[in-house]
Amino acid sequence: MIVPLLDLRAQHRAVGEAVLRGALEVVESQAFILGRPVEELEARVAELSRAAHGVGVATGTDALLLPLRALDLEPGDEVVTVPFTFFATAGAVHNAGARAVFVDVDPDTYNMDVSRIEAAITPRTRAIIPVHLFGQMAAVESVLAVAGKHGLAVIEDAAQSIGARRRVEGEWRMAGEMGTAASLSFFPTKNLGGWGDGGMVVTSDRRLADRVRLLRTHGGLKMYYHEEVGTNSRLDALQAAVLLAKLPFLAGWSAARRENAAWYDRELAGVEGVRTPVTDPCNEHIFHQYVIAAERRDELQAHLKAAGVGTGVYYPRPLHLQKCFEYLGYREGAFPVAEAASRRVLALPVYPELTEAQREHVVASIREFYGA
Ligand SMILES: Cc1ncc(COP(=O)(O)O)c(C=O)c1O
């Protein structure tokens with residue numbers, strides 16, 4: 001039996017007709033850049049994130065870069081973030097002209113260990129980027145408390161966590177609701193994915209939204225007149241139409257992922273060698289990834305591959321050990337939790353269309369490997 005890590009063709013079989021209808025409208029209008037579908041998507045995604053504004057951009061990477069650029073960072077300015085994340089988080093800090101300062105992650109959730117932020121702050125710190133990794137939110141209220149004390153911006157990297165929420169002082173708060181701004185990605189494999197690249201900045205800060213809007217069109221709102229040097233980072237109307245058609249399904253998809261995750265949790269509970277993912281009790285997880293910590297991880301991955309089961313290692317090398325960040329001066333051992341995680345994590349198929357037979361095959365194959 002074949003169980004891919006993600007089966008986007010199964011999603012397309014289920015919702016393709018509605019998506020094609022939306023896409024065809026754009027094709028017939030021949031209006032491909034920004035326009036009504038982008039504005040409608042911006043309004044809907046901002047509403048979902050309980051933010052006042054949404055600004056569609058070309059990628060999730062730009063959704064990090066443009067709000068950082070709006071902070072007018074200067075050489076030597078620092079941005080505190082985590083080393084256990086997709087490369088874009090720290091890449092955007094570098095490309096915005098600042099220096100990434102890492103703090104280790106929590107061994108249960110792999111999200112920012114908020115108890116370590118204070119020690120990483122210097123007079124040059126300008127912002128903090130907590131990453132809502134794998135689909136559950138970081139303890140953003142604690143990040144905000146430290147940021148407030150030092151007058152820092154908080155940019156939530158919510159690329160993997162659209163629609164995730166967290167209970168803060170008894171109230172549900174959405175990913176993207178509490179930070180200065182949040183970055184979303186619509187890369188095809190995300191819980192809400194387009195037919196290509198796409199991203200969005202959500203924020204309730206009107207001036208920040210206006211600035212990002214300016215930066216995404218070469219720093220000018222009027223054609224051929226430029227207030228500053230920006231870039232071309234617009235969301236395509238075609239992508240917006242695809243995403244608008246898929247958006248009504250997002251909550252159901254995330255619920256189906258949670259259901260698959262709960263099933264795996266139960267079935268893998270007794271398997272020695274496997275630790276199932278830990279959800280912070282304050283969080284509602286959207287399981288962008290279902291990530292176990294596995295003994296003999298690479299052997300298990302090879303065994304599952306031979307059994308037809310697709311898996312993923314997110315991420316095999318923490319960012320402080322990447323060649324391009326050697327100049328930051330970190331050595332192996334600097335962030336032991338992130339380093340240990342990179343040796344043990346393994347993502348299993350958790351996509352909404354996974355059948356019972358498929359998930360049973362995944363668990364049976366894992367049990368077989370560990371002789372459970
Ligand atoms: C945590 C995180 N940040 C940023 C990004 C960048 O998004 P994109 O691939 O849309 O540029 C991603 C996407 O892979 C991500 O997972």
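Predicted model: local features only at pLDDT ≥ 70, side-chain atom pairs only at ≥ 80, totals over all residues.

Trainee: How do the axes of helix α2 and helix α8 lie to each other: roughly parallel or oblique?

Mentor: Happy to start there! Helix α2 covers residues 36-48 and helix α8 covers residues 237-246; their axes come within 8 Å and cross at roughly 45°. Angles under 35 degrees would count as roughly parallel. The pair α2 and α8 is therefore oblique.

Trainee: How many charged residues does the contact of α2 with α8 have?

Mentor: From α2, the contact draws on Pro37, Val38, Glu40, Leu41 and Arg44, while α8 supplies Ala237, Ala240, Ala241, Leu243 and Leu244. By class, 8 residues are nonpolar and no residues are polar, and the number of charged residues is 2.

Trainee: And how are α9 and α12 arranged, roughly parallel or oblique?

Mentor: Here α9 packs against helix α12 (residues 356-370) with the axes 11 Å apart and an angle of about 30°. The cut-off for roughly parallel is under 35 degrees. So α9 and α12 are roughly parallel.

Trainee: How many charged residues are in the contact of α9 with α12?

Mentor: Good thing to check. On the α9 side, the residues include Glu259, Glu267 and Leu268, and on the α12 side they include Arg359, Glu360, Ile366 and Arg367. The classes are 6 nonpolar and 1 polar, with charged residues numbering 5.

Trainee: Is Ser254 buried or exposed?

Mentor: Ser254 sits in helix α9 (residues 250-268). Leaving aside neighbours within four places in sequence, Ser254 is in contact with Asn191 and Ile286. The relative accessibility of Ser254 is 5%, and the cut-off for burial is under 20%, so Ser254 counts as buried.

Trainee: What about His320, buried or exposed?

Mentor: His320 lies in the loop between α10 and α11. Not counting residues up to four places away in sequence, His320 touches Pro83, Phe102, Tyr330, Arg331, Ala334, Phe335 and Glu339. Because its relative accessible area is 2%, His320 is buried.

Definitions and conventions. Residues numbered from 1 in each chain as written. Heavy atoms only, no water. Helix = DSSP H or I, 4+ residues; strand = E, 2+ residues; numbered from the N terminus. Buried < 20%, exposed > 50% of the residue type's maximum accessible area, 1.4 Å probe, protein only. Contact = heavy atoms within 4.5 Å. Axes fitted to C-alpha atoms, helices over the stretch in contact; angles between N-to-C directions. Parallel < 35°, antiparallel > 145°, perpendicular 65-115°, else oblique. Nonpolar A, V, L, I, M, F, W, Y, C, P; charged D, E, K, R; others polar.
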